[in-house]
Amino acid sequence: MAGMEQNQNPNSDNSNEFINLIELFAVLWSGKVIIISATAIFSMLALVYSLYLPNIYKSEAILSPVEESFDMDSAMRRYSGLANIVGIDIPTQSGSGNAIKALKKLDTLSFFSNNILPNIFLPDLMAIELWEPSSNELIYDNDIYDNEKQIWVRDFKYPQTQVPSAQESYKVFIKDHLEVYEDKDSGFVSIAIKHQSPYIAKQWVQLIVNELNNFYRIKDKTEYQAAREFLTNKIAETSIAEIKQAIAMLVQQKTQQLSVIEVNKFYVYEYIDPPEVMERKHEPSRAIICILGTLLGATLGVLIVFIRFYILEGRETEN
């Protein structure tokens, strides 16, 4: 008898599960109007929302660090002992670390304020509403910037100002527009800009690359000129032939470095793949937004049906 009861228990459990499934489908069927309505409403809302979002285009450049065309480390090490005798501190490394420093510099407020902000039209960053492809025209938000009068009209609260400050603009630029990625294995760097206008996106990528190269070109040029002048003066101050030879060698190296700075267009980074005006948008994915909206509506509809049946109607039964 005990064995027969044990054999009957699994069948009983299966029957209960089958009955529960039937009850579950019955509840869902009884609330089909709610489920369909919620799904339709959220689908429409998702569709409207996706159509409201402007197209965003992404222009990207793949860069490679520029290799040094000459290496003066060996020459410096050769004469460093003699030069130190007369109080000249000769560095043992060249400026090959500019590529590493450039990525950090790109992410700073000072670089944006001094090199990016003066070279862009600020409303393109802070007041853009949409881009008209047929006319390649940028349309600005009239509540922020009056394009006809060329004045800012936005409402603002402290610490904001009528005209967006460098700090406020920097946050928008870094958060919403700039993307930087470095491949640690290959050393290649990707710099990308997202914008409603594919033309602006390309221009800003080119601007960033040019300004990074120019910043370190000017910086190194100033340092090399000062070093060459200092070394030239030191030649006249010493009477030791070996020291004069060492300093003359260093002056020659500085002159070579200055020549390289003048002739190289790409001083820190060069293009592996330059930015382009993209034809296809990068975002938003309207299909995914609509699918997610539909799933959200269906899920909410099912929850409403279950809540109404198992909680509200359960209370009525108890009463």
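Predicted model: local features only at pLDDT ≥ 70, side-chain atom pairs only at ≥ 80, totals over all residues.
Leu292 belongs to helix H10, which covers residues 286-318, and Leu292 is exposed, with a relative accessible area of 54%.

Next, look for the largest pocket, whose volume is about 260 Å³. Its lining has 14 residues, and the closest to its centre are Ile56, Ile128, Asp176, His177 and Gln196. Helix H6, strand E2, helix H7 and strand E7 each supply at least two residues of this lining, with the largest share, three residues, coming from H7. By type, the lining divides into seven nonpolar, three polar and four charged residues.

Now for the charged pairs. Side chains of opposite charge can pair when their charged atoms come close. The structure holds five salt bridges, and the table shows some of them.

| Salt bridge | Closest N and O atoms |
|---|---|
| Lys58 and Glu179 | 2.8 Å |
| Arg154 and Glu168 | 2.8 Å |
| Lys194 and Glu179 | 3.4 Å |

Lys194 lies in strand E7 and Glu179 in strand E6, so this pair ties together parts that are 15 residues apart in sequence. Salt bridges that share partners join Lys58, Glu179, Lys194 and Glu283 into one network.

How covered are these residues? Lys194 is buried, with a relative accessible area of 16%, whereas Lys58 is partly exposed at 22% and Glu179 is partly exposed at 28%. Both Arg154 and Glu168 are buried.

Terms used
Residues numbered from 1 in each chain as written. Heavy atoms only, no water. Helix = DSSP H or I, 4+ residues; strand = E, 2+ residues; numbered from the N terminus. Buried < 20%, exposed > 50% of the residue type's maximum accessible area, 1.4 Å probe, protein only. 1 Å grid on protein atoms, 1.4 Å probe; cavity = no way out; pocket = protein on both sides within 12 Å on 5 of 7 lines; lining within 4 Å. Points joined across faces, edges and corners; volume = space filled by probe spheres on them. Nonpolar A, V, L, I, M, F, W, Y, C, P; charged D, E, K, R; others polar. Salt bridge = Lys/Arg side-chain N within 4 Å of Asp/Glu carboxyl O.
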